[in-house]
Amino acid sequence: MTGERPTLDTVAAAAGVSRMTVSNAYNRPDQLAPETRARVLTVAAELGYGGPDPTAASLRLRRTGTIGVVLTERLPYAFADPGLLTILHGIASELSDSGTALLLVPARPVGGGSQLRSALVDAVILCSVSPADPAVAAARERQVPIVTVGTPRLPHVPRVGVDNRRAAAAVAEHLLGLGHRRCAVLTTVTDAGAGRVRPIFGERVNGFRAAIRAGGGEISVLCAGDNSRPAGRDAVAELLRSPKRTRPTALFAVTDILALGVLDAAQDAGLEVPRRLSVAGFDDIPAAAEAAPSLTTVAHDLFGQGRAAARLAKRLIAGESVRPPRIRAELVIRDSTARAGR
């Protein structure tokens, strides 16, 4: 053997078959007799040939068999947020049924720019990405089918998600109905723009704040360092230790993870929930029902949204017209909210 890398033609010549036969041995084995395929693969192994170049094949076929999911966060966050993880589970479940691969792409990798510009994908699912994010422009420039989950809302692009403003307003109306007038909302971004922008969280803050003000209540906005339980606890710890006349009687967190952190902080401060503080969250992750007390929250089918987004992407790749399904949000009232004390 020479030092040159073996090719499909090299294998074909050594096995005494056509170039197409070698290709079929890897890509369409049902087209060959078992003994023919076995002989081709044996010769290939002896020559050190690992199979057709997938990049070259995708360029030739104009298909990669892969759908990219673009996240606002760095990739480790996808495995730390139960809500996002459930959406990804739905996407992966739908794609696995058709043998389509899933590629996770961070919207803001180290060094800036967007990795999406060079990602080999047939379609893109943008998951809670800001409309101004470079990944949105990159997806547009690629001219591949696009589906969004939550945000952004783009012209002529199918979106899967709930009305976050309306759902958060329903939480506010529930608390107002219980007599709460001094309320707070916990998010990861303040009005001043500190922290990483998460458009969905902003919609929930705005919906809750507008409804509280419309009902004659007072509202303050708190910012956690991250969307995690410890960050939620730390963000409200000082407030919950303040005098009764200055602290809120009800607190809404834009995710259940943050709300669970609020429950931790209330326990640390000796505040009984819900007798002295009502707490509500958003997403209805499994831990919400298991919390003590169980968490009032907004339920929306996260797994189903993932499946729906992946299904739309596959249909767009096939050139079909699509209409996004309607996703309902439902207020689930549990033990963490109660009537305001006098």
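## Helix H9 and its cover

Contact here means heavy atoms within 4.5 Å, and buried means under 20% relative accessible area, with over 50% counted as exposed and anything in between as partly exposed (1.4 Å probe, protein chains only). Helices (H or I, at least four residues) and strands (E, at least two) are DSSP runs, numbered from the N terminus.

A quick word on the source: this is a predicted model, in which local features need pLDDT of at least 70 and side-chain atom pairs count only at pLDDT 80 or more, while totals for chains, interfaces and linings use all residues. Residues are numbered from 1 along each chain as its sequence is written, and side-chain values use heavy atoms, with hydrogens and water left out.

H9 itself runs over residues 229–240 and spans 16 Å between its first and last C-alpha, close to the expected 16 Å; that expectation is 1.5 Å times one less than the number of residues. Its buried residues are Ala231, Gly232, Val236, Ala237 and Leu240. At the start of H9, Ser228 gets a side-chain oxygen to within 3.2 Å of the backbone nitrogen of Ala231.

## The four-stranded sheet

S7, S6, S8 and S9 line up in that order as an open sheet with parallel pairing. S7 and S9 (278–280) are the edge strands, each pairing on one side only. On average, neighbouring strands are turned by 20° against each other, direction ignored.

Strands count as paired if DSSP finds at least two bridges between them; S8 and S9 have 3, in the parallel sense. Leu251 sits opposite Val279 of S9. H10 packs on this sheet, touching S6, S8 and S9, and its direction makes about 160° with that of S9. Axes are lines fitted to C-alpha atoms, for helices over the stretch in contact, with angles from 0 to 180 degrees between N-to-C directions.

## Asp81 and helix H5

Asp81 belongs to the loop between strand S1 (66–71) and helix H5 (82–97), and is buried at 10% relative accessible area. Its side chain makes a 3.1 Å polar contact with that of Asn227. Such a contact is a pair of N or O atoms within 3.5 Å; within protein, one must be able to donate a hydrogen and the other to accept it, and residues adjacent in sequence count only if both atoms are side-chain atoms. A side-chain oxygen of Asp81 also comes within 2.8 Å of the backbone nitrogen of Gly83, at the start of H5.

The buried residues of H5, among them Leu84, Ile87 and Glu94, pack against S1, S2 (101–106), S3 (123–127), S4 (146–149) and helix H12 (302–317).
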